[in-house]
Number of protein chains: 2
Amino acid sequence: MIELFDLATESDLRPSPYCWRAKLALKHKALAFETRAKSYSDIRLLGDGTFKTLPVIRDDDRWVGGSMNIADYLESRHADASTLFPHDPGRLFVNFIEAWIDSTIQPLIFPIIACDIWKLMPASERDYFRRTREMRLGTSLENAQELNLPKLPAVRASLEPVRRTLKRQPFLCGDAPAYADYTVYGALKWQRLVSEVVLFDEQDPIHAWYLHIDRMATQ
Amino acid sequence: MIELFDLATESDLRPSPYCWRAKLALKHKALAFETRAKSYSDIRLLGDGTFKTLPVIRDDDRWVGGSMNIADYLESRHADASTLFPHDPGRLFVNFIEAWIDSTIQPLIFPIIACDIWKLMPASERDYFRRTREMRLGTSLENAQELNLPKLPAVRASLEPVRRTLKRQPFLCGDAPAYADYTVYGALKWQRLVSEVVLFDEQDPIHAWYLHIDRMATQ
């Protein structure tokens, strides 16, 4: 049984977009796994103590950290199961999607939801979260939210490449979802779990796609 | 000899990002071609009169319009020459790059350079350009530029997925440039031909990549 170490809030939400990628990669490969709720201060207690971020998985005596490393590991260890990278032999597509989500989409969403995440953190983690994230944002969590909420139309517009793709095919990876879909889903799930803000409505082509993956993710 | 009908300004610059894609696709396939400078009002005189935009090519009695249609046509007609879509059998990557450039990057660049493009248009085309583009921008060309110049840091940041990709491999398509590279290049060439604004400096990983494709494009 694989263990997935997953970032948890005080109320046991699991918002981390990277952890959703790993969770869906495990489900995609139809592997049995159990999630273990962890907070930031637990991370250094995992494996050999060198991990800095979640997700981390343990598969018997193998420890793997980082969502793309986990996807790589599962892909080579379970090459017989459905591939995580269909139609993408050079990984050009999935690597670009990861770069786009990590460097454009999540940084657009983060200032809007950072304060919401902080409120959900265990009391023991709040100071760490506030200090490190305010340094990244260059302002207070409250101020970041107030400054960035008016930019919501731009955040919604930034998802337009996904909309255009979903108008021509049901999933980013083609006829069925795979790791590139999970990477985009992770960012949207992260936002929806912690925030009231609506990034896409029921008329949006993203909606049906999101619900399909959300059923996979939460079943 | 293939003819490429290409949008030209009064001073015979050829800024259209879509025309650069087509031009580089022709060069990639090592095909002999001649460009024909056209203005907006010439487009309806081409082929059977149904074309609305450039580029358009004529290959003997075959007319093809639209940069991706032209790439498709060249790819199937000259399947023996180097592919325009390497490592991308389902075209997931190139279609996403096109959607991203068309719906995110070019719309971020356009308000900043629209007024510069207008100044370069032949006098006969200026009213058409101003009327249609001001409708799209929702304001005057001059006002769009003034409002959007302060957003330059965000435009530069929007290219981050390209930077990240070029840190791991020399071209977006891998070891050699292909159509996805040309699609990104087209947007940057368009901007540099008409505007003084600097989107990437010599330290930027984009710089060497751009120069390589620019030599291909302008030789």
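1. Leaving aside neighbours within four places in sequence, B:Leu199 is in contact (heavy atoms within 4.5 Å) with B:Ile109, B:Leu152, B:Val155, B:Arg156, B:Leu159, B:Arg163, B:Leu188 and B:Gln191. B:Leu199 belongs to the loop between α8 (179-194) and α9 (205-218) of chain B; helices (H or I, at least four residues) and strands (E, at least two) are DSSP runs, numbered from the N terminus. B:Leu199 is buried, at a relative accessible area of 4%, where buried means under 20%, exposed over 50% and partly exposed in between (1.4 Å probe, protein chains only). Its C-alpha is separated by 8.9 Å from that of B:Leu159, 40 residues apart along the chain.

2. On the basis of the note: this is a predicted model, in which local features need pLDDT of at least 70 and side-chain atom pairs count only at pLDDT 80 or more, while totals for chains, interfaces and linings use all residues. Residues are numbered from 1 along each chain as its sequence is written, chains are lettered from A and ligands numbered from 1 in the order in which they are written, and side-chain values use heavy atoms, with hydrogens and water left out.

3. The same surface serves both copies, since 100% of the contact residues of chain A recur in chain B.

4. Over all chains, 25 aromatic pairs are found; rings of Phe, Tyr and Trp (its six-membered ring) pair if their centres lie within 6.5 Å, and planes under 30 degrees apart count as stacked, over 60 as edge-to-face and the rest as tilted. A:Phe93 and B:Phe96 form an edge-to-face pair, 6.1 Å centre to centre with 70 degrees between the planes. These residues lie in helix α3 (residues 92-120) of chain A and of chain B respectively, so the pair joins two chains. Both A:Phe93 and B:Phe96 are buried. One aromatic cluster is formed by A:Phe93, A:Phe96, A:Trp100, B:Phe93, B:Phe96 and B:Trp100.
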